[in-house]
Amino acid sequence: MMMSGFFRFGVWQNFFRAWRSGYSGNLEGEGFTLGGVYVIGAGRQGVLLEHREKEFGDKVSLPSVLEAAEKIKPQTS
């Protein structure tokens with residue numbers, strides 16, 4: 001995202017939401033890497049949830065993560 005992330009409205013919304021809720025974070029690291037969340041089932045079950053950040057501060061829905069985690073079936077030998 002480099003500099004284009006600095007000018008995106010959604011990034012500023014996410015920043016102010018985090019700031020108002022008391023999150024301070026840190027300014028260490030390169031600062032250009034977007035994150036993501038994967039929920040992967042056992043064996044051949046594969047990826048049950050994939051969330052890739054589209055912009056800085058793009059959060060995954062906690063209910064979606066819990067729903068995907070509940071779908072994980074134990075692997076049988």
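This is a predicted model: local features need pLDDT of at least 70, side-chain atom pairs count only at pLDDT 80 or more; totals for chains, interfaces and linings use all residues.

**Exercise 1. Overall architecture and confidence**

Determine how many helices and strands the protein has, in what order they run, and where confidence is lowest and highest.

Solution. 
Step 1. The secondary structure consists of 2 helices and 2 strands.
Step 2. Read from the N terminus, the elements follow the order α-β-β-α.
Step 3. The average pLDDT of the protein is 81, and 79% of the residues score at least 70.
Step 4. Confidence is lowest in H1, with a mean of 76, and highest in helix H2 (residues 62-70), with 96.

**Exercise 2. The strand pair**

Describe how strand E1 is joined to E2, and identify the bridge partner of Tyr38.

Solution. 
Step 1. Tyr38 has Glu50 in E2 as its bridge partner.
Step 2. The hairpin of E1 and E2 has 6 residues between the strands, and within this hairpin Gly43 adopts a positive phi near 60°.

**Exercise 3. Salt bridges**

State how many salt bridges are counted, which residues form them, and how each residue is classed by accessibility.

Solution. 
Step 1. Recall the general principle: side chains of opposite charge can pair when their charged atoms come close.
Step 2. The cut-off for a salt bridge is a side-chain nitrogen of Lys or Arg within 4 Å of a carboxyl oxygen of Asp or Glu. The count by this rule is 2.
Step 3. Glu50 pairs with Arg52, and their closest N and O atoms are 2.6 Å apart. Glu50 has a relative accessible area of 43% and is therefore partly exposed, whereas Arg52, with 51%, is exposed.
Step 4. Glu67 pairs with Lys71, and here the closest N and O atoms are 3.8 Å apart. Glu67 is partly exposed, with a relative accessible area of 47%; Lys71 is also partly exposed, with 46%.

**Exercise 4. Buried or exposed?**

Solution. 
Step 1. The cut-off for a buried residue is under 20% relative accessible area.
Step 2. His51 is found in strand E2 (residues 47-52).
Step 3. Gly10 lies in helix H1.
Step 4. Gly10 and Asp58 are 48 residues apart in sequence, and their C-alpha atoms are 8.4 Å apart in space.
Step 5. For the protein as a whole, 14% of the 77 residues count as buried.

**Exercise 5. The surface**

Find which residues form a nonpolar patch on the surface, and give the area that the protein exposes.

Solution. 
Step 1. The patch is formed by Trp12, Phe15, Phe16 and Trp19, which together have about 450 Å² of accessible area.
Step 2. Phe15 is placed in helix H1 (residues 9-20). Phe15 counts as partly exposed because its relative accessibility is 43%.
Step 3. The protein exposes about 6,500 Å², of which carbon and sulfur atoms supply 58%.

How values were computed. Residues are numbered from 1 along each chain as its sequence is written. Side-chain values use heavy atoms; hydrogens and water are left out. Patches are made of residues with over 30% relative accessible area and no salt bridge: like charges are joined within 9 Å, nonpolar side chains (Val, Leu, Ile, Met, Phe, Trp, Tyr) within 5 Å. Accessible areas come from the Shrake-Rupley method with a 1.4 Å probe; for residues, only the protein chains shown count as cover. Helices (H or I, at least four residues) and strands (E, at least two) are DSSP runs, numbered from the N terminus. Buried means under 20% relative accessible area, exposed over 50%, partly exposed in between (1.4 Å probe, protein chains only). pLDDT is the predictor's confidence in each residue, from 0 to 100. Two strands pair if DSSP finds at least two bridges between them.
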